[in-house]
Amino acid sequence: PPPSPHDLLQEYYAHDQWQLLCVCVLMSRVSSWDTKHRCISDFFQAYPTPSDFLEAVVKGGATQALRAHINSLGLFDDRLKSLTAITLAFLLGDDAFEVGLDKEHKIHGVGKFGYHSWLIFCRDAGATLRPEDAALKTFCTWRKKAEAAVNDGAKEKQAALSLQVRRVGLRVSPGGFDGQACNAGAALVHSYFQADMRGGGDGCLKNGCTCWRPITSAQAVHVAAHRWGRHEASSETTTPQQERPQGGQKRASRSVSWVTG
């Protein structure tokens, strides 16, 4: 997820699943931000990867060195067991690493807080999740608002681009979007809607249209406007203007030779 104004510790380690779960184990039941931050920083300086922790602590038995880094957090034995379980599950478990509360995916020491943190910061599920932890609730509320704002902005952009292309379509093909009498300019508009407004499929959406050509929205507007004079006086018979292409059966493609890129 994008960085939030709430500055949660998990946000600093969201790029690495192993680190994120270790952070949840280390910060659990610790109230002091300074203590958490110092101990967690020391831990990852000593063991930046799960392989480092496995070799030094799990296989090498250097638990006293680990204690020197995280002893201020308390509950050392419990944290050691949890860190070991996370490391073994991450390195020796299934290729598709998953975390859960069910028996199949349960990792020792990773409860609801760790699992919800993993979903929020490693799977970006904050916009839909309802965690119990107060800090995670605050983050999820912010994430929902942030995503809603992005969606609203995308809808506004889509509407503006749709209007722009409809205007270009009126100039390029005065008769509208009828597939049976579709000239090259209207083909660009069809392709624009297909590629940009509907997520980039594999054909023109217009019934009967055989002028399919995958191009970008910028190309659609630029080329259609550039060709306006060429197609404005088209003598082909056309049908009344429609607001936008309607769904239809995909037809065989035909190249528009002067479209490049």
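Visitor: Which residues do ring pairs link into a cluster?

Guide: This is a predicted model, in which local features need pLDDT of at least 70, side-chain atom pairs count only at pLDDT 80 or more, and totals for chains, interfaces and linings use all residues. Residues are numbered from 1 along each chain as its sequence is written, and side-chain values use heavy atoms, with hydrogens and water left out. Rings of Phe, Tyr and Trp (its six-membered ring) pair if their centres lie within 6.5 Å; planes under 30 degrees apart are stacked, over 60 edge-to-face, and the rest tilted. The cluster linked by such pairs consists of Tyr-13, Trp-18, Phe-43, Phe-44, Tyr-47 and Phe-53.

Visitor: How many of the residues of helix H6 are buried?

Guide: Helices (H or I, at least four residues) and strands (E, at least two) are DSSP runs, numbered from the N terminus; H6 covers residues 112-122. Buried means under 20% relative accessible area, exposed over 50%, and partly exposed in between (1.4 Å probe, protein chains only). Trp-118, at 1%, is buried, whereas Phe-113, at 25%, is partly exposed. Helix H6 is largely enclosed by the rest of the structure, because the buried residues number eight of the 11.

Visitor: Which residues does Phe-113 contact, leaving aside its neighbours within four places in sequence?

Guide: Contact means heavy atoms within 4.5 Å. Cys-24 is 89 residues from Phe-113 in sequence, yet their C-alpha atoms are 7.4 Å apart. Beyond those neighbours, the contacts of Phe-113 are Gln-10, Cys-24, Met-27, Asp-133 and Leu-136.
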